[in-house]
Amino acid sequence: MPSLYAVGSRQSAYDRFKTEHENSSDSEYVGLLIDSEDPVVNPERTWEHLAQRQEDDMPKPQSATNDQVLFMTTCMETWIAADRDALRNRYNRRGLRKNALPSLVDLERRDRHDVQRRLGVATGHRFEKGAESFKVLGELNPGTLEQHLP
């Protein structure tokens, strides 16, 4: 059965991946599941994307393949911004400013800082990974995300 391990930061996830990858057998699949942080130019060349990001120190481990890097989205706020119904349900009582939200057109290609800033302005809430953001993630509709985030 597949297993997922939340291990903290991107660097912690990468370090855990390297260890598991080095110690895995040929019959085991070990993947690195992280946000891309920036729009991905070529989804078939995941290690190249990580190598181009100066903020990341994630060289491709020997014998690792591109299909072992699984990008969720640019940032979790992209998922949150995509589900307008969930945002309305959660933040309307506080005065959701819908016109401040980023456009749904090519949302995955938007800079994460822009998405985070606009989401904060729209909701009056600064999104950081933690209890509040994970509650909102739990309220998102997968069908809506699939519709807006190919």
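User: Where do I begin? How many helices and strands does the protein have?

Analyst: Let's start with the overall layout. This predicted model has seven helices and two strands. Read along the sequence, they follow the pattern α-β-α-β-α-α-α-α-α. The C-alpha trace spans about 50 × 30 × 25 Å along its principal axes.

User: What share of the residues count as buried?

Analyst: Of the 150 residues, 38% count as buried. Among contacts with a separation of 6 or more, 65% are between residues 24 or more positions apart.

User: Now to aromatic rings. How is a pair of aromatic rings described?

Analyst: The general idea is that you give the distance of the centres and the angle of the planes. In this protein the count comes to two aromatic pairs. One of them joins Tyr-14 and Trp-47, which are edge-to-face, with 6.4 Å centre to centre and 70 degrees between the planes. Tyr-14 lies in helix H1 and Trp-47 in helix H2 (residues 46-52), so this pair ties together parts that are 33 residues apart in sequence.

User: Why is that pair called edge-to-face?

Analyst: The angle decides it: planes over 60 degrees apart count as edge-to-face, and the planes of Tyr-14 and Trp-47 are 70 degrees apart.

User: What about the pair of Phe-17 and Trp-47?

Analyst: Phe-17 and Trp-47 form a tilted pair, 5.8 Å centre to centre with 40 degrees between the planes. Phe-17 lies in helix H1 and Trp-47 in helix H2, so the pair ties together parts that are 30 residues apart in sequence. Phe-17 is buried, with a relative accessible area of 2%.

User: I'd like to read a pocket next. How much space lies in the largest pocket?

Analyst: The largest pocket holds about 1,000 Å³ of space. It is lined by 32 residues, and those nearest its centre are Leu-4, Tyr-5, Ala-6, Val-7 and Leu-33. The elements giving two or more residues to this lining are H1, strand E1 (32-34), helix H3 (76-82) and helix H6 (131-139). H1 supplies the largest share, six residues. By type, the lining divides into 19 nonpolar, six polar and seven charged residues.

User: And what is the volume of the second largest pocket?

Analyst: Its volume is about 390 Å³. It is lined by 16 residues, and Val-40, Thr-74, Glu-108, Arg-109 and Pro-150 are the closest to its centre. Here the lining splits into eight nonpolar, four polar and four charged residues.

User: How do I read a single residue? Where does His-21 lie?

Analyst: His-21 lies in helix H1 (residues 10-23). Because its relative accessibility is 11%, His-21 counts as buried. Leaving out residues up to four places away in sequence, His-21 touches Val-30, Pro-61, Gln-62, Ser-63, Ala-64 and Gln-68.

User: Ser-63 is on that list. What is its phi?

Analyst: Phi of Ser-63 is near 70 degrees, a positive value in a residue other than glycine. Ser-63 lies in the loop between H2 and strand E2 (69-71), and it is exposed, with a relative accessible area of 56%. Glu-37 also has phi near 70 degrees. Glu-37 lies in the loop between E1 and H2 and counts as buried at 13% relative accessibility.

Definitions and conventions: Residues numbered from 1 in each chain as written. Predicted model: local features only at pLDDT ≥ 70, side-chain atom pairs only at ≥ 80, totals over all residues. Heavy atoms only, no water. Helix = DSSP H or I, 4+ residues; strand = E, 2+ residues; numbered from the N terminus. Buried < 20%, exposed > 50% of the residue type's maximum accessible area, 1.4 Å probe, protein only. Contact = heavy atoms within 4.5 Å. 1 Å grid on protein atoms, 1.4 Å probe; cavity = no way out; pocket = protein on both sides within 12 Å on 5 of 7 lines; lining within 4 Å. Points joined across faces, edges and corners; volume = space filled by probe spheres on them. Nonpolar A, V, L, I, M, F, W, Y, C, P; charged D, E, K, R; others polar. Phe/Tyr/Trp six-rings, centres within 6.5 Å; stacked < 30°, edge-to-face > 60°.
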